[in-house]
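Have the sequence and the model side by side as you read.

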Amino acid sequence: MIHFRENSHLYHLHEMHYAAITPINMLANASKVFHRHPLSPLAYTDYGRHMAAASELIERVTHRYGKPDFGITHTVVDGKKVEVFEEIDDTKPFCRLLHFRKDIRKTQPRLLLIAPMSGHHATLLRGTVEALLPYLDVYITDWLDARNVSMLDGSFHLQDYIAYTIDFIRKLGPDVHLMAVCQPSVPVLIAAAVMNEANDKAAPRSMTLIGGPIDTRVNPTKVNKLAAEKPIHWFETNVITRVPFNYPGFMRRVYPGFLQLSGFMQLNLDRHITAHMDLFKHLVEGDGDSATAHKKFYDEYLSVCDLPAEFYLESIEQVFQKHLLPRGEFTYKGKKVKPEMITQTALLTLEGELDDISGVGQTEAAQKLCKSLPATMRKHHLQKGVGHYGIFNGRKFREYVVPIIVDFVEKQSK
């Protein structure tokens, strides 16, 4: 039983900080516009270019990044450009099920992409969705920012995450395929095991687990070690706080996004500092393409959301500290979960050679747990030369990983 002892003032201090730097953000924006305006003589000088670049950098550092849009309007199917319509297929208190419906007559395998509830919005998987749309009928779980969920909607536990996953699978009916990126690999495997053991007719045809912490005892990373070395009360005391009054989720206990972002940045601080220095140079030199690529990435990366405290703490304790699933001790609704009962759901595990968040071997551990699957229903792939994000996004993902996923899904659809 987890007892919360949150730092109740942390979020309020954060809000006061943003209120204090808002004038700085506004001044930086005004300076950027002034030094870049076509009617300003300074815009054509070296001084003006440096001032505009410095002002934009300050503006971005002091900016508050909201949730981005997916913004996917078209894709290409069989060489033809087709429209994509983003539709809400289902709504629950903590999640929306989105469907990227395509204007085609062709029937494609249905894929339910379970996005991580781990700080970033589901839009972090925009590139994943875009790469899969030409071949699959894609749905995605769009988890809501916990600070925007009223206390009247109750709490959200790891067991609820699994229940949501099972509900969405059943809604999409038989023949659905699952994909989990990072954190949801554990609840997705559990959901598949529960449905297989119950001989549920809606049990998924396949599941693709990408860079997930199935067994973090294997090749542990810095992230894994931090989660394992700190006692659970340390996380309760240091990173849990309450949502302030200016949000719908007032008084909800959360692990706030700004603390998660701080942790993300510190993992590769030198790299982020260098990237922003490069942005300054690109702006001064007028390298619009490089500057745009930087801003596109960081607009997404710096947009974070709050997690329900109970879900976060239970994930830390049960997945990273006690390793309940690989030890055969995880229970769902009071009953032990048995991955060895999976016989209907094929398994594809994908890992990145340079992954510094989920170490090599942690996702592949699912293959050992699902020991009842025949060779024709299982596959593992280690992608060379990519880290954690490269295994589900970017050029190598599109060129090397997507064909493996599509081929596996199509074979399991027959």
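Is Y164 buried or exposed? With a relative accessible area of 10%, Y164 is buried (under 20% relative accessible area, with exposed over 50% and partly exposed in between; 1.4 Å probe, protein chains only).

## About the model
This is a predicted model, where local features need pLDDT of at least 70, side-chain atom pairs count only at pLDDT 80 or more, and totals for chains, interfaces and linings use all residues. Residues are numbered from 1 along each chain as its sequence is written, and side-chain values use heavy atoms, leaving out hydrogens and water.

## Aromatic pairs
The structure holds 14 aromatic pairs (ring centres of Phe, Tyr or the six-membered ring of Trp within 6.5 Å; planes under 30 degrees apart are stacked, over 60 edge-to-face, the rest tilted). One of them is stacked: Y161 and F311, 5.4 Å centre to centre with 10° between the planes. This pair links distant parts of the chain, as Y161 in helix α4 (residues 158-172) and F311 in helix α11 (residues 309-321) are 150 residues apart (helices are DSSP runs of H or I, at least four residues). Y161 is buried at 0%, and F311 is buried at 2%.

Y164 and F168 form an edge-to-face pair, at 6.3 Å and 75°. Both lie in helix α4, four residues apart.

## A lysine over two rings
K92 lies over the face of Y164, 5.3 Å from the ring centre (NZ of Lys or CZ of Arg within 6 Å of the centre and within 35 degrees of the ring normal). The charged end of K92 also sits over the ring of F168, 5.8 Å from its centre.

Methods:
Helix = DSSP H or I, 4+ residues; strand = E, 2+ residues; numbered from the N terminus.
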